Amino acid sequence: CAALEPASGLPWSQEHATAASLAGPPGGTRSVVSRDYSLITPDSRVYTGAPGWSKASVAHIVSPAFPTGAAFAMFIAEVPAGGTCAPAPAGHSRFVLSLRGEATWKTASGEYPGADVNTKKDVYAFFPAHAPYTCEAKTHTTLLVYEKRYDGDKAGDDMPQVLSGEVETSPLLDVGVEVFKLRKLLPQTLAYDFNVHVMDFYPGEYLKVREIHHNQHGLLLLTGEGIYRLGNDFHPVSAGDCIYMAPYVPQWYGALGTNTSRYILYKDANREPA
Ligand code: UGY
Ligand code: MN
């Protein structure tokens with residue numbers, strides 16, 4: 001079936017893999033999957049066609065298939081020029097961050113006038129579960145995608161909206177005792193049942209709080225390198241690495257190297273622990 005043909009072109013993540021780890025010993029990888037977290041480095045990613053997407057290939061990083069389940073999905077999609085995306089599964093919201101390339105997103109039949117979105121590198125977009133849309137790549141685009149079945153129970157009449165913006169122009173937020181720079185890309189209101197954080201650390205900076213919390217995370221390290229603590233394990237990490245954190249897994253990051261570490265993460269929010 002044509003829709004399941006893999007994309008042409010070198011996946012973004014395998015460009016990282018060439019430098020980071022494909023040159024290492026055969027069979028060696030920093031990737032690890034444990035009961036309550038996974039670290040998936042670029043050399044371990046497996047791309048496949050995805051139903052309803054044309055020309056595209058996706059690497060699933062987080063999904064309900066994780067041994068202890070996951071409340072959301074995270075994947076990286078490679079969509080060559082002219083390729084199209086399927087919408088999120090029925091009842092699911094979708095957040096995308098463009099890692100490179102350009103794409104247009106149109107909501108169905110003008111139902112949400114003015115809500116059409118163009119994505120290019122570092123532009124993000126959010127599509128609520130009730131707003132169907134189509135997507136076409138103008139140039140080869142690489143997308144980080146988060147999807148979650150929408151829990152509207154607490155939202156009342158406050159409906160989530162189609163949103164988009166640029167990471168860099170999204171405002172910096174107060175971080176209390178912490179030192180990293182923090183952006184939250186979605187509104188902190190009951191209409192939204194998760195948020196997406198972007199966090200920047202200069203080399204030598206680290207999380208003051210050795211976090212343990214009920215919320216799940218799906219993280220992509222966009223730039224830099226450092227040490228990620230997951231449970232009792234300390235992992236060297238570098239740009240391109242992805243991490244899933246299950247509820248209550250101890251977590252901590254220390255930035256090393258010479259470049260700013262920037263990571264993006266999914267965090268369920270605005271609901272009681274379920
Ligand atoms: O908001 C958070 O839970 C975030 N600070 N966690 C993390 O960076 N691992
Ligand atoms: Mn956290």
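Analyst: Bear in mind that this is a predicted model. Strand S16 (residues 225-230) and strand S17 (residues 233-238) run antiparallel, and six bridges join them.

User: What stands opposite Ile227 in S17?

Analyst: Pro236 does.

User: And how many residues sit between the strands in that hairpin?

Analyst: The hairpin of S16 and S17 has two residues between the strands. Gly231 takes a positive phi there, near 60 degrees.

User: In which sense do S16 and S19 pair?

Analyst: Antiparallel, over six bridges. On that side, Ile227 stands opposite Gly254 in S19. So Ile227 faces Pro236 in S17 and Gly254 in S19, by way of the backbone pairing that strands of a sheet use.

User: New topic. Which residues are around ligand 1?

Analyst: His197, Met199, Glu211, His217, Gln251, Tyr253 and Lys267. Strand S14 (194-201) and strand S19 (251-256) each give two or more residues to that shell.

User: How does the shell around ligand 1 split by class?

Analyst: Two residues are nonpolar, three are polar and two are charged.

User: Why does Pro128 count as partly exposed?

Analyst: Because Pro128 has 19 C-beta neighbours inside 10 Å, and buried would take 20 or more.

User: What is Pro128 in contact with, leaving aside neighbours within four places in sequence?

Analyst: Ser93, Tyr150, Pro160, Gln161 and Val162. Tyr192 is 64 residues from Pro128 in sequence, yet their C-alpha atoms are 8.8 Å apart.

User: You mentioned S10. What is the order of strands in its open sheet?

Analyst: The order is S5-S10-S7-S8, four strands with antiparallel pairing.

User: Which strands stand at the edges?

Analyst: Strand S5 (84-85) and strand S8 (117-119). Each has a single partner strand, so one side of each is left without a neighbour in the sheet.

User: And how many bridges join S7 to S10?

Analyst: Five bridges join strand S7 (residues 103-107) to S10, and the two run antiparallel. In that pair, Thr107 stands opposite Tyr133 in S10.

User: Last one, the whole chain. How many helices and strands?

Analyst: One helix and 20 strands. The chain has 274 residues, and 38% of them are buried. Among contacts with a separation of 6 or more, 71% join residues 24 or more positions apart.

How values were computed. Residues numbered from 1 in each chain as written. Chains lettered and ligands numbered in written order. Predicted model: local features only at pLDDT ≥ 70, side-chain atom pairs only at ≥ 80, totals over all residues. Near = placed C-beta within 6 Å. Nonpolar A, V, L, I, M, F, W, Y, C, P; charged D, E, K, R; others polar. Pairing = 2+ DSSP bridges. Buried ≥ 20, exposed ≤ 12 C-beta atoms within 10 Å, placed from the backbone. Contact = placed C-beta atoms within 7 Å.
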